[in-house]
Amino acid sequence: MVLERLLIFTAFFLTAILPVSAQEKSSLYIDTLNEVDKILGEHHFFKNTAFENSDAIEELISNIDQQNLIFTDEEVDNYISLSKNNFDLGNKELLEVGFDILNDYKKRYKTLLAHQIQHINELNEIDLFSSERIHRNRKDQERFNSLSMIKNYYESLAKSELISIMIKEEEFEKSVNKLKKRLNRRLKNLEQLTEDDLFSWIMNSKTSLYDPHSNYMSPRVTEDFEINMSLSLEGIGAMLTSDDGITKITKLIKGGPAIKSGLIKNNDQIVGVGTREDSQIVDVRDWRVDEVVKLIRGPKGTIVKLEILPSSSP
């Protein structure tokens, strides 16, 4: 299937497209953090307000574990003590501690998702008939004291989610399989987090100390923002989402190339993309939606090929 893009503009950030070594990337992160510090310190409304990097560590933990469901009380105390007792917590050290915490977050969340999958595999339908209750909003609740308590809570969450699915699906096995797909998708999303994503979390934990509306945008996010603001690049005229690792078309935009082609319908799935008329199709299953969009989008008049699974397919 071949579609023609409409017009708009082209501007790319070199940091987003040029390959760099790990050492160069680390240096780039430190330089970026230093520059942001300088800009906020000189130009922000609260420019005379002083913040410690240990405050950014507390904010980071609060941001990534808002429901108090990843780290134990002792683990959080250790992270905060480590940052506060480090009297020389400069930007380099902030990044080191921040990345350590975020990597611990990824490992822990991966462990908890795997535990949920194992728990679901061991459940029988009779296990769902109980009077068990859980507090789904734990933002104002105390943190758990142990990993085993966190795992028990995740078991309850999985059971609650399974019950919600069964209300619609009715069949136990079908509901279990649907939940396992969801959990595996969450694992894939976790694995797709990049260093740039983690760096953005650290940066925004620091900028949010000034006010909740001061945000750092990574080169990829900035590129998307500028494209949207300047209407520099065109897509196919469709709104996309991810459904179990597959990019799905949720809405066709009136007047766009997709709807004009007459070949694409709502709920069709995009499983492959070719960026030129003579290029090979790239399999985009399990890609992040933003990466698929980046591959599809381009200047007016260029060609994009899509491999589509119609919504009517069995």
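**Helix packing and burial in the chain**

Q: What do the buried residues of helix 6 pack against?
A: In this predicted model, the buried residues of helix 6 pack against helix 5 (91-122) and helix 7 (172-191). They are Ile150, Tyr153, Tyr154, Ser156, Leu157, Ala158, Lys159, Glu161, Leu162, Ile165 and Met166. A residue counts as buried under 20% relative accessible area, as exposed over 50%, and as partly exposed in between (1.4 Å probe, protein chains only). Helices (H or I, at least four residues) and strands (E, at least two) are DSSP runs, numbered from the N terminus.

Q: Why are helix 6 and helix 7 called oblique to each other?
A: Their axes come within 9 Å and cross at roughly 130°, where axes are lines fitted to C-alpha atoms, for helices over the stretch in contact, and angles run from 0 to 180 degrees between N-to-C directions. Angles under 35 degrees count as roughly parallel, over 145 as roughly antiparallel, 65 to 115 as roughly perpendicular and the rest as oblique. The crossing angle of roughly 130° belongs to the rest, and helix 6 and helix 7 are therefore oblique.

Q: Which residues make the contact between helix 6 and helix 7, and how do they divide by class?
A: Contact means heavy atoms within 4.5 Å. Ala158, Glu161, Leu162, Ile165, Met166 and Glu169 in helix 6 meet Phe172, Lys174, Ser175, Val176, Lys178, Leu179, Arg182 and Arg186 in helix 7. These residues divide into seven nonpolar, one polar and six charged, where Ala, Val, Leu, Ile, Met, Phe, Trp, Tyr, Cys and Pro count as nonpolar, Asp, Glu, Lys and Arg as charged, and the others, Gly among them, as polar.

Q: What makes helix 3 and helix 4 roughly antiparallel?
A: Helix 3 (residues 53-64) and helix 4 (residues 73-85) have their axes 8 Å apart and pack at an angle of about 160°. That angle makes helix 3 roughly antiparallel to helix 4.

Q: Which residues of helix 3 and helix 4 meet?
A: Ser54, Asp55, Ile57, Glu58 and Ile61 of helix 3 meet Val76, Tyr79, Ile80, Ser83 and Lys84 of helix 4. Five residues of this contact are nonpolar, two are polar and three are charged.

Q: Why is Ser54 called buried?
A: Ser54 lies in helix 3, and its relative accessible area is 8%, so it counts as buried. Leaving aside residues up to four places away in sequence, Ser54 touches Ser83, Lys84 and Leu89.

Q: What makes Phe51 partly exposed?
A: Phe51 has 30% relative accessibility, and therefore counts as partly exposed. Phe51 lies in the loop between helix 2 (22-43) and helix 3, and touches Leu209 and Tyr210, not counting residues up to four places away in sequence. The C-alpha atoms of Phe51 and Lys206 are separated by 8.6 Å, although these residues are 155 residues apart along the chain.

Q: Why does Asn68 count as buried, and why does Asn267 count as partly exposed?
A: Asn68, in the loop between helix 3 and helix 4, has 9% relative accessibility and so counts as buried. Asn267, in the loop between helix 10 (257-261) and strand 4 (269-274), has a relative accessible area of 41% and so is partly exposed. Phi is positive at both sites, near 55° for Asn68 and near 75° for Asn267.

Q: How many of the residues in the whole chain count as buried?
A: Of the 314 residues of the protein chain, 39% count as buried. The chain has eleven helices and six strands.

Q: How do you know which residues and atoms these values rest on?
A: Residues are numbered from 1 along each chain as its sequence is written, and side-chain values use heavy atoms, with hydrogens and water left out. As the model is predicted, local features need pLDDT of at least 70 and side-chain atom pairs count only at pLDDT 80 or more, while totals for chains, interfaces and linings use all residues.
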